[in-house]
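Hi everyone, thanks for making time this morning. I'd like to walk you through one interface, so let me put it up on the screen.

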Amino acid sequence: MDKIAEFRTIVEHPYSYLQKLKDETGKKIVGTVCSYAPEELIFAAGALPVRLFGSDSGIHRADLHLQSYCCSLVRGILEEALSGRLGLLDGMVFPHTCDSIQRLSDVWRLNLVKPFHADVVLPVKLTTPSARQYLLDVLKKFKTDLECGLAQEITEAGLIHAVRIYNAIRVQMMNLYQLRCENPHMINGQDFHTIIRAGMIMEREAFLEDLAAIVSELTKTTSEKKPSHAKRLVLSGSICSHPDIYDAIETAGGVVVGDDLCTGSRYFEGVINENLPPLTAIAQRYAERASCPAKHAGLTNRGEGLLKMVKDCKADGVVFLFLKFCDPHAFDYPYLKEMLDRGKIPSLLLEMEEQTQAGGQLQTRLETFIQIL
Amino acid sequence: MNSSNSDFLKTLGIYLFGQAKKFSLRFKKAPTMKELMMVYYSEAKSAKLTGKKVAWITSGGPVEPLIAMDIIPIYPENHGAMIGASKMGAGLCEKAEAMGYSNDLCSYARSDIACATVNGGPIGGLPRPDMLVCCNNICGTVLKWYEVQARYFNVPLFILDTPFCHTGYSEEAARYVRAQIDEYILFIEETCKKKYDFERLRQVGHLSYEGQQLWQAVLDTAAHRPAPMSAFDAFYHLALIVTLRGTKEAVNYYQQLLSTMKDRVARGISVVPNEKYRLLWDNIPIWPRTRWLSQKFASHNACLVADTYTSAWCGAMKYIDESKFLDSMAEAYTRIYLNIGVDEMAKMVIEMIDKYDVDGFVLHSNRSCKPYSFGQLDIQRIVEKERGIPCLMIEADMVDDRSFSESQISTRIDAFMEIIKERKKI
Ligand code: SF4
Ligand code: SF4
């Protein structure tokens, strides 16, 4: 599909896309580092929120600030910034998640002068009324910070519009997930990943339009369902910026039918209630969406969510995809694995660096795993 | 006393005696650290018999509300330090790895999680908790760690969420933490099925404040030249301000310790014979190597006169208002050393450099503790720029001995001391 080819160009060269957009429309670009960044507010301030990832050009400058036992995502993002490649950003937003992102914000604030730098210190627990009240208060404060930082008023109408656009994107994405789950061969993993990544970069209204077109085209073609013997897998973990992992899975005889990834369903899940005041409704979604392990939403909710996903997606197994040195995910792994074991669901753990390529060893491990399913 | 309890006391005795030899002190009017810790741990171990409740709590968590209700607070991190000091860390960490916990995780957490399942370690495991109290003012690790233990022991978990203060303490955060202090009190009432005793809390709050003031005063004595104590002594004497903060015992102990240090100052006694160079230490001690390191530095006539770690238990005193203990407690617990921005940490480091008049700065880049270690390189740069003193960063781990490369670190310390000696000549 041409649309996907366009997306691929954008995902591979995000900065040229952003620079061009900026030159042509004067749009402000705001970088974010995590799926808890309240993008709806940035959007309502007339700016484009862009999720940042590290580069694959090696880490040199970031070594002067962050030790080697910091995850490659955080080091990679800092490297991008220090190398000057993020010069086009008009601001940075750091939601509070893990200890590493927390310090990245400090290092950034001290070393990279940006017109606008916001910490959105969200609550860590999401389960109590006072935490939810605080979450709302933080969003209100963030709104004021954005208004000052970007010199742009955020109106009620603007917020309502933002919520509508984001909801529409999420609905379409969930449709796409559903379609893939029913007929995983209709779109290959790389293309699926490309769509997700494009949704973190592109001007959102344009993305929505293209996405809707892709989804409706795919809906038409899914009638020609092909029977398949590929093993159905769910991916669970932090970020996936390894498009080639999908190829590796497919070559090994597997296919991805669902995910619990930060660059995946955790980012898209949950529609904002359009009948509530927008900030209240936005806060509610952040409190209720599938949680990241850096947040507390209960003692076993992530495990239950994963089991449910495996069941709903009729998956044969789970592949955990972690970045090395990622504490929150590494802490949850043993209990998640145990819950899967109890449910007789096989799983495989792959620990990677953001910059690693899916190589031979990984291929072999995937093949061995998929064979036993 | 049952047999497992007496076994435990024996091992504790061995452990403390081994540790105590170098650093312990006898006082006229207060028991020794060993005696206090024996009483503390044996009371905790026999809580089931005496009907007292046991709460596991994070080292930076507000312990006063527990003490006021006669709940015995237990600190898995203190236990982690004991595991490290008794060189049992590597074994327990391996056990945790076998359980599926990555070896990149905090080694306090790893060794404690492993220890709970086998009742291993230097004191045969910690007494089972009736409740868990996790305050994330030190890191996100404790949240995950306490979730693990809450699932394992199946007991209630209270999370005191203290929003990180990158650049200040926001109004929203203040309201949120204050509200949680009330929730904390309710949690205690519910778990103990007893009405809360606010009068007792006032007294405990007062003792806690007094203890912190005394601890700060003890640390301050090292500003004297030559220093009557070193950071290594502080690592040892710290145990009470962590575990028994808010009790009369801690206050008595630190009163005695303070007068001992003052006496040493008056008589010009230095802890490092021939103290010539004074250093500041950053980050958690390398527990299995404290003795080696103290001897290593002493062999260069260098004394680590202060550190950023032990002072963390009195660093937020400025926010405490004794007449409004509950209100000010929210702020004091939120603005502790690890819960603030790197620039504010650097400011505190520079204040310490000036106060203790140090010649060099040693940073332990601690693989276990990410919030403490990330940002150190920037702090180092700020210190070099603002004060121009030599800095040394050594990479190790506070518990897991496998990350310690003795020959390499020894060479680097020698080289660092050469630089300091050169500079002092001029
Ligand atoms: S991968 Fe893990 S450690 Fe790294 S930024 Fe994400 S949550 Fe934090
Ligand atoms: S990560 Fe650091 S602050 Fe947290 S428990 Fe471990 S050593 Fe302590």
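What distance separates the centres of domain 1 of chain B and domain 2 of chain B, taken over C-alpha atoms? It comes to 22 Å. Please keep in mind that this is a predicted model. The domain assignment of chain B puts domain 1 at 3-197 and domain 2 at 202-425. In the contact between them, domain 1 of chain B takes part with 62 residues and domain 2 of chain B with 54 residues.

Now for the area. Between domain 1 of chain B and domain 2 of chain B, about 4900 Å² is buried, and carbon and sulfur atoms give 63% of that. Which three residues supply more than any others of the area that domain 1 of chain B buries against domain 2 of chain B? They are B:F23, B:M33 and B:E64, with 15%.

On to the polar side. The rule finds 5 salt bridges across the interface of domain 1 of chain B and domain 2 of chain B. If you'd like a pair to look at, B:E94 and B:R402 meet through their side chains in a salt bridge, at 3.4 Å from N to O. Between the two domains of chain B, 19 residue pairs are in polar contact, with both residues at pLDDT 80 or more.

Finally, the domain 1 side of chain B that touches domain 2. Several helices each supply at least two residues there, including α1 (3-23), α2 (33-45) and α9 (171-192) of chain B. α5(B) gives the most, with 6 residues. By class, that side of domain 1 of chain B has 33 nonpolar, 18 polar and 11 charged residues. Thanks, everyone!

Technical notes. Residues are numbered from 1 along each chain as its sequence is written. Chains are lettered from A and ligands numbered from 1 in the order in which they are written. This is a predicted model: local features need pLDDT of at least 70, side-chain atom pairs count only at pLDDT 80 or more; totals for chains, interfaces and linings use all residues. Side-chain values use heavy atoms; hydrogens and water are left out. Domain bounds come from an automatic or database domain assignment. Contact means heavy atoms within 4.5 Å. Buried area is the accessible area (1.4 Å probe) that two parts lose on being put together, summed over both. A salt bridge is a side-chain nitrogen of Lys or Arg within 4 Å of a carboxyl oxygen of Asp or Glu. A polar contact is a pair of N or O atoms within 3.5 Å; within protein, one must be able to donate a hydrogen and the other to accept it, and residues adjacent in sequence count only if both atoms are side-chain atoms. Helices (H or I, at least four residues) and strands (E, at least two) are DSSP runs, numbered from the N terminus. Ala, Val, Leu, Ile, Met, Phe, Trp, Tyr, Cys and Pro count as nonpolar, Asp, Glu, Lys and Arg as charged, and the others, Gly among them, as polar.
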